Amino acid sequence: MQQRTPRSLAAFSRRGFLIGSASALAALGAGVALVMRGDPAAYRELVRLPDGTLPTPVRLSIKELAVLSALCDRLVPAGNGLPSAKELGIARRVDRELAFLRDKMSDDVRGALFLIEHGGVAHGSASRFCALDDPGKDARLAAMWGGGALERSCVAGMRILALFFTYVDDRTWPRIGYSGPLVGHRSTPAADSSVLALTRSAG
């Protein structure tokens with residue numbers, strides 16, 4: 001039986017988060033159809049699991065999953081008692097959840113990842129997002145946040161997804177002082193439960 005998507009994510013899927021002119025969205029869609037430049041091996045290393053194997057994405061390509069992983073590492077940095085985005089498996093959880101949402105949501109996420117990875121040219125840099133060091137990634141995101149509406153909505157939309165899947169994970173609850181839902185039993189895990197189980201067993 002297909003798991004029910006959280007109401008907040010379902011509304012987010014219907015609404016979408018890429019905002020811009022029709023011409024801008026058409027250009028972005030054309031760009032996503034292209035193969036991302038860069039060394040495929042470098043992308044694979046970003047998503048390789050602790051046991052050395054590669055995950056099998058549900059909706060995203062390995063390269064898109066790698067960009068998402070690098071992005072989540074900066075949007076949800078580890079520390080102050082919080083596990084890292086990689087430990088929480090955020091990128092893989094987002095990818096799996098996309099299978100339960102409307103196609104528009106997948107298209108929006110893939111478009112946002114393309115723009116984040118290759119949008120540096122708009123800010124005087126030809127470097128891919130994944131090729132930057134951590135301060136460089138942060139500077140790129142800050143520049144995009146201060147850029148046009150399309151860039152800003154991409155960063156904001158991906159941040160919402162990253163934070164959503166951070167705080168639905170009970171490993172983050174002690175850090176924010178949340179003791180859990182006030183119910184007598186635990187509900188069936190969300191659609192990405194297999195990812196969560198794999199992440200924990202790998203740890």
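Mentor: A nonpolar core is a set of buried residues such as Leu, Ile, Met and Phe, joined through side-chain atoms within 4.5 Å. Please keep in mind, as we go through this structure, that the model is predicted.

Trainee: Which residues of the largest nonpolar core touch the most other members?

Mentor: As a general idea, nonpolar side chains in soluble globular proteins tend to be buried together. Here the largest nonpolar core has 36 residues, and those that touch the most other members are L68, L71, I90, L113 and M158. Several helices each supply at least two residues of this core, among them α4 (62–75), α6 (90–97) and α9 (149–167), and the largest share, eight residues, comes from α4.

Trainee: What is I90 in contact with, leaving aside its neighbours within four places in sequence?

Mentor: On that basis I90 is in contact with C72, V76, A85, A162, F165 and T166.

Trainee: How many aromatic pairs does a search of the whole structure find?

Mentor: A pair of aromatic rings is described by the distance of the centres and the angle of the planes. The search of the whole structure finds two such pairs. F164 and F165 form an edge-to-face pair, with 5.1 Å centre to centre and 80° between the planes. W173 and Y178 are likewise edge-to-face, at 4.9 Å centre to centre and with 75° between the planes.

Trainee: Is F165 buried or exposed?

Mentor: F165 is buried, because its relative accessible area is 4%, while F164, at 22% relative accessibility, counts as partly exposed. In the other pair, W173 counts as buried at 18% relative accessibility, whereas Y178, at 38%, counts as partly exposed.

Note on methods:
Residues numbered from 1 in each chain as written. Predicted model: local features only at pLDDT ≥ 70, side-chain atom pairs only at ≥ 80, totals over all residues. Heavy atoms only, no water. Phe/Tyr/Trp six-rings, centres within 6.5 Å; stacked < 30°, edge-to-face > 60°. Buried < 20%, exposed > 50% of the residue type's maximum accessible area, 1.4 Å probe, protein only. Helix = DSSP H or I, 4+ residues; strand = E, 2+ residues; numbered from the N terminus. Contact = heavy atoms within 4.5 Å.
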